[in-house]
Amino acid sequence: MDRKISLWQIFGVFAKIGAFTIGGGYAMIPIIQDEMIRLKWIPEEELPDIVALSQSAPGVLAVNISIFAGYRLRGVKGSIAATLGSITPSFCIILGIALFFTAFKDNPWVVKAFRGIRPVVIALIAVPMLQMARKSCKTWWAWCLSAGALCLVAFLNVSPIYIILCVLAVGFAVTYYKQWKR
């Protein structure tokens, strides 16, 4: 953080993350966390804030995380380097798949490989979410709210937007009530 990190280093780290992550933005979170902490580029306490900002910003989560982390490291140039690093491997892989996949899409080995990848992607998404929940949910009602939101989204297909709006309304009401009570 106090030393100068080159744009090529940022590009290289995010290219490595982008190349070896299957499953998109949520699957990238633990790898980004590990790399940023291992390289001592971003303190562990800041990573949940970067993820939260990335989730609240419009766009693809992986790109948003790259933008915020790169900006934290080297400003606008760092965000460009990190973003290009994270999307270049995916772009090249998708381009290659698009060129050759139509010939192999019905191949039983390819179908089985994609079925085998699914549980890994779920684990890559679940582990960092649980780790962040442990660090963020400090009270019993925060755990209840998190579990309730998860159930509403996962099992009842309620839009996260409605949950956020409801939680905001309740938060404003509780705050208003506490101020009125004083």
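Q: Why are α3 and α4 called oblique to each other?
A: In this predicted model, the axes of α3 and α4 cross at roughly 130°. Angles under 35 degrees count as roughly parallel, over 145 as roughly antiparallel, 65 to 115 as roughly perpendicular, and the rest as oblique. The value of roughly 130° belongs to the rest, and α3 and α4 are therefore oblique to each other. The axes also come within 8 Å; they are lines fitted to C-alpha atoms over the stretch in contact, with angles from 0 to 180 degrees between N-to-C directions.

Q: What is the basis of the model and its numbering?
A: Residues are numbered from 1 along each chain as its sequence is written, and in this predicted model local features need pLDDT of at least 70 and side-chain atom pairs pLDDT 80 or more, while totals for chains, interfaces and linings use all residues. Side-chain values use heavy atoms, without hydrogens or water.

Q: Which residues make the contact of α3 and α4?
A: From α3 come Ile50, Leu53, Ser54 and Gln55, and from α4 come Leu61, Asn64, Ile65, Phe68 and Ala69; contact means heavy atoms within 4.5 Å. Nonpolar means Ala, Val, Leu, Ile, Met, Phe, Trp, Tyr, Cys and Pro, charged means Asp, Glu, Lys and Arg, and the others, Gly among them, are polar.

Q: How many helices and strands does the chain have?
A: The chain has seven helices and zero strands, and its pattern along the sequence is α-α-α-α-α-α-α. Helices (H or I, at least four residues) and strands (E, at least two) are DSSP runs numbered from the N terminus.

Q: Which helix gives the most to the lining of the largest pocket?
A: Helix α6 does, with nine residues. The lining has 34 residues, and Gln55, Met129, Ser146, Ala149 and Leu150 lie nearest the centre of the pocket. The volume of the largest pocket is about 1500 Å³. Of its lining residues, 27 are nonpolar, six polar and one charged.

Q: Where does the largest share of the lining of the second largest pocket come from?
A: Helix α4 supplies four residues, the largest share. This pocket holds about 240 Å³ of space. Its lining residues include Gly18, Thr21, Ser90 and Phe114. The class count is seven nonpolar, three polar and no charged residues.

Key:
1 Å grid on protein atoms, 1.4 Å probe; cavity = no way out; pocket = protein on both sides within 12 Å on 5 of 7 lines; lining within 4 Å. Points joined across faces, edges and corners; volume = space filled by probe spheres on them.
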